[in-house]
Amino acid sequence: MSIVIESLGIRAGDFHLESVSIRVESGGYAVLMGRTGCGKTTLLETVCGLNPATSGRIVLGGVDVTAAAPAARGVGYVPQDGVLFPTMTVKDHLRFAPRMHRWPKDETEARVAELAGALGIRELLDRKPKGLSGGERQRVALGRALAARPAVLCLDEPLSALDEHTRAEMYELLADVRRHTPVTTLHVTHSREEADRLADHVFRLEPTGLAEVARP
Amino acid sequence: MIGTAAKRKASNRPFAACLATVAGAYVLLILAMLLADATFTSWADMKEALASREIRYAIKLSFVSSTITAILSVWFAVPIGYLLSRFEFHGKPLVDAILDIPIVLPPMVIGLSLLILFQTPIGRAVEGVIPITYEVPSVILAQFAVACAFAIRTMVVTFDQIDTRPERVALTLGCNPAQAFWHVALPQALRGSLAAGLLAWARALGEFGPILVFSGATRMRTEVLPSTVFLELSVGNIDRAVAVSLIMVTVAVVLLIIGRVLGLQEGRR
């Protein structure tokens with residue numbers, strides 16, 4: 001499913017962005033870079049439907065979702081720090097989106113088993129978020145976002161708080177997800193290394209607007 | 001540098017001593033009051049008080065009405081607390097201020113206001129279906145009018161302390177706002193809801209002014225434990241009044257212990 005953002009305007013408190021345009025083809029991996037406070041997260045949240053757009057359009061897979069509720073967009077969102085549900089076990093996190101989309105129980109359980117295996121979190125299924133390491137939290141957040149098979153995945157600095165070893169594992173994991181899941185990804189980061197290792201398209205958000213950066 | 005640090009440490013002492021003195025004086029006053037009650041009465045007085053049919057009825061009515069009030073208060077306080085914590089709307093400061101009125105209004109005035117309310121045409125119509133004034137439902141309504149305001153304050157603080165981001169993430173996972181509240185916010189507010197219920201229960205148990213005005217203090221009908229203390233005192237039966245007071249002190253201490261054991265502090269998760 002392609003991601004097309006056309007002349008998007010966003011206002012959140014005193015902050016505003018104007019005329020942002022992005023195009024990522026189906027199955028592509030776009031990295032959005034920029035300085036802290038330049039609006040990367042706000043833009044990502046607008047794609048997810050958590051912030052309203054003041055102008056322009058967001059088109060996912062040919063469907064204009066600019067005014068659609070977050071639940072209706074088919075976007076999986078991995079926020080910064082994972083933001084897990086404190087009262088739920090890891091298994092409940094993986095079940096959450098399929099349950100909300102009223103999947104049959106056996107299909108949900110099969111999906112939980114599949115994700116737990118793919119993300120290497122089988123041992124964690126009965127644990128709650130408290131006490132999980134940074135890498136484990138990100139894996140669970142990724143699994144929760146992918147559980148209902150979204151066509152678009154939005155990642156907000158998923159590797160920023162991880163040590164070098166865990167980050168290397170997560171690179172492998174994200175590359176794996178890309179190989180095995182037909183998902184179009186929008187990944188926000190400060191890190192040039194993440195962009196170099198993962199992206200097909202790199203966009204840089206500047207005060208003057210958004211520009212696509214040539215890949216090295 | 002060391003000399004300066006040592007001097008600074010020494011200069012902290014008078015301040016710490018002042019704080020300790022003030023705190024000590026108040027703690028002492030509380031303990032002295034409880035000790036005075038405990039030494040004034042005897043086990044025999046307590047047994048005699050507990051043997052009285054009227055006092056047993058008052059205990060039963062107090063416990064049942066306070067429990068119903070606590071449940072009702074939590075039912076109201078959870079959605080109202082969530083509304084005030086999560087949503088911005090026109091007139092919010094006004095609604096917020098109105099919800100504090102039962103906390104600051106003199107208790108007798110609350111009772112009088114309820115009494116007058118049930119003399120209006122609407123009130124009389126309700127009375128035509130369920131008799132309220134000077135009956136048991138008036139006890140619950142008088143307790144609820146005050147206790148619910150305290151429960152709401154606890155729930156607002158509880159929801160304010162809960163991160164909103166998980167609820168936002170839940171919206172992207174297929175939830176509507178009601179499902180995000182039910183599946184994500186509410187389970188995190190469980191301890192806060194228990195604290196609100198406990199606080200409402202304790203407030204309801206100690207409520208006297210509104211009940212006296214709105215329900216009266218009729219024995220074997222609308223008499224609750226604070227009314228018993230008042231009735232016994234008014235006929236000069238201080239022993240029984242103190243014995244009943246000690247029952248309430250015991251309940252208060254038990255509530256405090258339950259709150260501490262469950263790790264509940266007002267407004268904290």
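Modeller: We may begin with the secondary structure of chain B, which has 13 helices and zero strands. This is a predicted model, in which local features need pLDDT of at least 70 and side-chain atom pairs count only at pLDDT 80 or more, while totals for chains, interfaces and linings use all residues. Residues are numbered from 1 along each chain as its sequence is written, and chains are lettered from A and ligands numbered from 1 in the order in which they are written.

Biologist: Why is B:M220 called exposed?

Modeller: A residue is exposed if 12 or fewer other C-beta atoms, placed from the backbone, lie within 10 Å of its own, buried if there are 20 or more, and partly exposed in between. B:M220 has 11 C-beta neighbours inside 10 Å, and therefore counts as exposed. This residue is in the loop between α11 (209-214) and α12 (225-234) of chain B, and has a positive phi of about 60° although it is not a glycine. In chain B, buried residues make up 36% of the 269 residues.

Biologist: Why is A:R102 exposed?

Modeller: A:R102 has 8 other C-beta atoms within 10 Å, so it is exposed. A:R102 belongs to the loop between α2 (90-100) and α3 (105-119) of chain A. Its phi is near 55°, a positive value in a residue other than glycine.

Biologist: Why do β2 and β5 of chain A stand at the edges of their sheet?

Modeller: Two strands pair if DSSP finds at least two bridges between them. Four strands of chain A form an open, antiparallel sheet in the order β2-β1-β4-β5. β2 (15-24) and β5 (63-64) of chain A each have a single partner strand, so one side of each is left without a neighbour in the sheet. As for β1 (residues 3-12) of chain A, this strand and β2(A) are joined by seven bridges in the antiparallel sense, with A:V4 opposite A:R23 in β2(A).

Biologist: How do you know which residues of chain B touch chain A?

Modeller: Two residues are in contact if their C-beta atoms, placed from the backbone, lie within 7 Å. The contact takes 14 residues from chain B and 18 residues from chain A. On the side of chain B, α8 (165-172) and α9 (177-188) are the elements that give two or more residues. The largest share, six residues, comes from α8(B).

Biologist: What makes domain 1 and domain 2 of chain B separate entries?

Modeller: Domain bounds come from an automatic or database domain assignment. For chain B, that assignment gives domain 1 (1-40) and domain 2 (43-261). The C-alpha centres of domain 1 and domain 2 of chain B lie 34 Å apart. Four residues of domain 1 of chain B are in contact with four residues of domain 2 of chain B.
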